[in-house]
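Me: I am new to this structure. Please take one part of it and walk me through that part closely, then show me how the rest sits around it.

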Amino acid sequence: MVPTHPMFSQRPDMSFSPNGKQAIVFFDFDNTITHFDILDDIIERFSINRDWVRFEDDWSNGRIGSKECLEGQLKSVRVTKQTLSEYLSTIELDPSFGKLLSLFKKNGIEFVIVSDSFSFIIKEILRHNGIRGVKVYANNVKFRGDELIPSFPYASKDCTRCAHCKKKHVLEHKDKKTIYIGDGLSDICPAQESDMVFAKENLLDHLRKTQTPCVAFRNLGDVYRYFGTLDGTKPKVKKVLAAV
Ligand SMILES: [Mg+2]
């Protein structure tokens, strides 16, 4: 049973009322599709000193945004593209991610990944796990030998909290039903702009504090069970979306 936030159950119209509005699902990546934060692990694993700790503390305490934090932390990382790719080939995804994509595809629902990590890292992990055809919006990184040079094409001019302002992508799709799945601080703004939210950990804590409607989840198996079924009966996806 997926725990449901009380605010969500109080939404005025949860009855079946079909309409033709398209739907799009936004997935966070680290700790949502993966089992832990891969970018944090890369920084810790391949840093040549402990400078990353100071940047992490400054970010945690709100003294710097994630762009400044990542720029600072990557200065100490030394790893070649090949070694990083070898490491990324060991990363497993939540086993329900592929099933969820198939379910959404079958029902004409779009899906994208929005992440405050880097496209290269995400695409390598997806490739090693045999996942194709998912649009990825994330920060960029170039290799210069064993140094990583970041750039941030989706940074906001107005807010420095996140390196990648994920909210922009949700706002660009407001003509659709927007569904957001995430766990972290960079997911707060896009979740607040979405029509339906699946949340865990820091994101869930924040949405509960601010009484923002959401559905709590532990892993993507919970999200799959919310939309689909595992016992061969008809998936509930259309009914769920009609109520969004
Ligand atoms: Mg995350």
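Reply: Start with F26. Leaving aside residues up to four places away in sequence, F26 touches V112, V114, H169, V170, T178, I179, Y180, I181, P190 and S194. This is a predicted model.

The largest nonpolar core has 57 residues. F26 is listed among those with the most contacts inside that core, together with I121, V197, F198, A199 and V223. In soluble globular proteins, nonpolar side chains tend to be buried together. Across the protein chain, 34% of the 244 residues count as buried.

F198 stands opposite V215 in β7. Strand β6 covers residues 196-199. β6 and β7 run in the parallel sense and pair over two bridges.

Step back to the whole sheet. It is open and has seven strands, in the order β4-β3-β2-β1-β5-β6-β7. The pairing is mixed. β4 (147-151) and β7 (215-216) are the edge strands; each has a single partner strand, so one side of each has no neighbour in the sheet.

Most residues other than glycine have a negative phi. E201 has a positive phi, near 50°, and is not a glycine. E201 lies in helix α10, residues 201-209. E201 is partly exposed, because 16 other C-beta atoms lie within 10 Å. Q211 is another non-glycine residue with a positive phi, about 55°. Q211 sits in the loop between α10 and β7. Q211 counts as exposed, because it has 10 C-beta neighbours inside 10 Å.

Helices pack against each other too. The protein chain has twelve helices and seven strands. Take α3 (residues 51-60) and α4 (residues 66-74): their axes are 9 Å apart, at an angle of about 175°. The two helices are therefore roughly antiparallel to each other. On the α3 side, the contact uses W52, F55, E56, D58 and W59. On the α4 side, S66, C69, G72 and Q73 take part. By class, this contact has four nonpolar, three polar and two charged residues.

One last view takes in the whole chain. Consider contacts between residues at least 6 apart in sequence: 58% of them join residues at least 24 apart.

Note on methods: Residues numbered from 1 in each chain as written. Predicted model: local features only at pLDDT ≥ 70, side-chain atom pairs only at ≥ 80, totals over all residues. Axes fitted to C-alpha atoms, helices over the stretch in contact; angles between N-to-C directions. Helix = DSSP H or I, 4+ residues; strand = E, 2+ residues; numbered from the N terminus. Parallel < 35°, antiparallel > 145°, perpendicular 65-115°, else oblique. Contact = placed C-beta atoms within 7 Å. Nonpolar A, V, L, I, M, F, W, Y, C, P; charged D, E, K, R; others polar. Buried ≥ 20, exposed ≤ 12 C-beta atoms within 10 Å, placed from the backbone. Core = buried A, V, L, I, M, F, W, Y, C linked by C-beta atoms within 7 Å. Pairing = 2+ DSSP bridges.
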